[in-house]
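Here's a quick tour for anyone meeting this protein for the first time. Take a look at the sequence and the structure, then read on.

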Amino acid sequence: LARYRLSAYDLLLNAANNDNTIKHEMAIEAALCDLLSKENESPIGKWDYISHQVVASPFKPIDYMDKMDVFGYRYIPGYSTISKYLVLEIKKDAAQEDVISQTMKYVDWVNAEYAHGDYSMIEAFIVASEFSESVIELRNEICQRLYLSRLRPAVTDTWADVKLIQYEYRDNQLVLYEVG
């Protein structure tokens, strides 16, 4: 029945603060999963597969497992071959410097487990209510990886695809824009 349907935006409405931020990270996560599974104008775009709280570490007791907030992938249009992987880390408040290392740990995990050493197949995003200059500078400093883009002849390339996305909650919508 329609009265029992719950949308991600209902969760946001109930989790909104007076200053246009969100009280609970899980509400942002649910709204992003909903948004990214559809055509949208956000800087993150649409993804063919979206999942949340995906394990991103070697097997260990569940209390100690690392989990990505959102993981996804896109297919090559018209084919069932994956073209890109999504790593998305969410912070409900202002991003702190440690989120940069946390995100890169997930990027390296996805590279090793899914992208087979091809960093160009990964797009990473950090979503937060704000980003300080020190977080932006740290992203620019450590969010780079060298990888082989061709084997014969061997060609190296540099990956630096971590985007900082600031969120605002306006007019019952999650509004996203890239910073830095």
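## Contacts along the chain

Take the contacts in the protein chain between residues at least 6 apart in sequence: 55% of them join residues at least 24 apart. Keep in mind that this is a predicted model.

## Helices and strands

What is the chain built from? You'll find four helices and 10 strands in the protein chain. Starting at the N terminus, the elements go α-α-β-β-β-β-α-β-β-α-β-β-β-β.

## Overall size

How does the radius of gyration fit with a compact globule? For 180 residues, such a globule would come out near 16 Å, and the protein chain has 17 Å, which agrees. Along the principal axes, the C-alpha atoms fill a box of roughly 60 × 40 × 40 Å.

Of the chain's 180 residues, 41% count as buried.

Now for the charges: the protein chain carries 18 positive and 28 negative side chains. The centres of these two sets lie 6 Å apart.

## Cysteines

Are C33 and C143 buried or exposed? C33 is buried because its relative accessible area, 16%, is under the 20% cut-off. C143 is buried too, at 2%.

A disulfide is a covalent bond between the sulfur atoms of two cysteines. With pairs of cysteine sulfur atoms within 2.5 Å counted as disulfides, the count here comes to zero.

Note on methods:
Residues numbered from 1 in each chain as written. Predicted model: local features only at pLDDT ≥ 70, side-chain atom pairs only at ≥ 80, totals over all residues. Heavy atoms only, no water. Helix = DSSP H or I, 4+ residues; strand = E, 2+ residues; numbered from the N terminus. Rg over C-alpha atoms; globule rule 2.2 N^0.38 Å. Buried < 20%, exposed > 50% of the residue type's maximum accessible area, 1.4 Å probe, protein only. Contact = heavy atoms within 4.5 Å. Lys, Arg positive; Asp, Glu negative; His and termini not counted. Charge placed at Lys NZ, Arg CZ, Asp CG, Glu CD.
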